[in-house]
Amino acid sequence: MKLLHLYYDIMNLYGDYANISAVKRMLEKSGEEVAVDKLSLSDEATLSDYDFIFIGSGTEKNQKVVLKDIVKYKDALKDYIESGKVLLMTGNSFELLGNLITDGKGTEYSGLGFFKYETIEKSGVRMTSDIICTASFLDRPLVGFINKSSVIFGINDTLFHTQFGIGNSDDDKTEGIRYKNYFGTHLTGPVLMKNPHFLTYITALILGREPETAHLTYEQKGYETTLRKLSERAQG
């Protein structure tokens with residue numbers, strides 16, 4: 001199987017590279033041979049060759065650099081998503097697929113326009129929060145961390161419902177987006193390592209069958225501890 005870590009060097013905050021490392025390990029434990037390509041701005045990729053694509057989070061400056069480059073993949077990325085292949089974008093990378101990004105100075109940047117949502121960056125403001133959220137396709141809550149300067153409006157197919165922490169915008173209790181097997185979320189840190197049940201779900205989509213999960217002992221213990229501590233904070 002082939003995995004792609006796209007913009008691995010410029011969209012690389014919060015240890016999010018571990019998301020693709022976790023998927024690779026799960027696939028290998030499930031009996032698959034796995035190759036990971038790490039490509040960036042000067043590279044060219046045939047997206048249809050890959051079983052899974054991951055793009056992580058970056059600074060606001062680096063996001064705008066990637067926005068100029070990712071246009072070359074516009075048609076291929078649209079086809080990839082519509083085909084039902086699995087794409088995970090974390091942090092501010094998933095903002096690229098919306099209609100518009102407005103930075104803190106009011107400068108507007110056109111996104112790829114696959115979806116109607118719009119992003120507004122708040123100048124000099126960072127919003128940070130630990131998170132507990134739920135997903136309709138998972139039977140346990142998820143935990144994570146958000147560090148962003150933006151709010152997003154206009155997402156119809158949301159990914160998570162926030163129980164504790166911040167969402168897509170100031171008064172919004174929904175977070176991220178899901179369309180087919182495209183998953184976009186501001187949860188970082190990295191979200192798949194912190195939530196072994198979400199990792200299992202993503203890997204099952206890639207494989208087309210249930211993956212081997214016996215090796216997730218430490219990940220499960222870490223998840224349980226984090227959920228317990230955050231739940232205690234949420235209760236006051």
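Two strands are taken as paired if DSSP finds at least two bridges between them. In this predicted model, strand S1 (residues 2–6) and strand S3 meet that criterion, pairing in the parallel sense over three bridges. Within this pair, histidine 5 stands opposite phenylalanine 54 of S3.

Helix H1 (residues 17–29) packs on the sheet to which these strands belong, with contacts to S1, S2, S3 and S4. The direction of H1 makes about 175° with that of S1. Helix H5 (residues 196–207) likewise packs on the sheet, where it touches S3, S4, S13 and S14; its direction makes about 155° with that of S14.

The sheet as a whole is open and consists of six strands in the order S2-S1-S3-S4-S14-S13, with mixed pairing. Strand S2 (35–39) and S13 stand at its edges with a single partner strand each, so one side of each is left without a neighbour in the sheet. From one strand to the next, the twist averages 10°.

Attention now turns to helix H3 (residues 74–82), in which Leu77, Tyr80 and Ile81 are buried. Viewed down the axis of H3, the buried residues fall within an arc of 95°, and they therefore line one face of the helix. Asp75 and Asp79, on the other side of H3, are exposed. What do the buried residues of H3 pack against? Their partners are helix H2 (60–70) and the strands S3 (52–55), S4 (86–90), S13 (177–179) and S14 (182–185). After H3 comes glycine 84, which has a positive phi near 90°.

Definitions and conventions. Residues numbered from 1 in each chain as written. Predicted model: local features only at pLDDT ≥ 70, side-chain atom pairs only at ≥ 80, totals over all residues. Heavy atoms only, no water. Buried < 20%, exposed > 50% of the residue type's maximum accessible area, 1.4 Å probe, protein only. Helix = DSSP H or I, 4+ residues; strand = E, 2+ residues; numbered from the N terminus. Arc of directions from axis to C-beta. Contact = heavy atoms within 4.5 Å. Axes fitted to C-alpha atoms, helices over the stretch in contact; angles between N-to-C directions.
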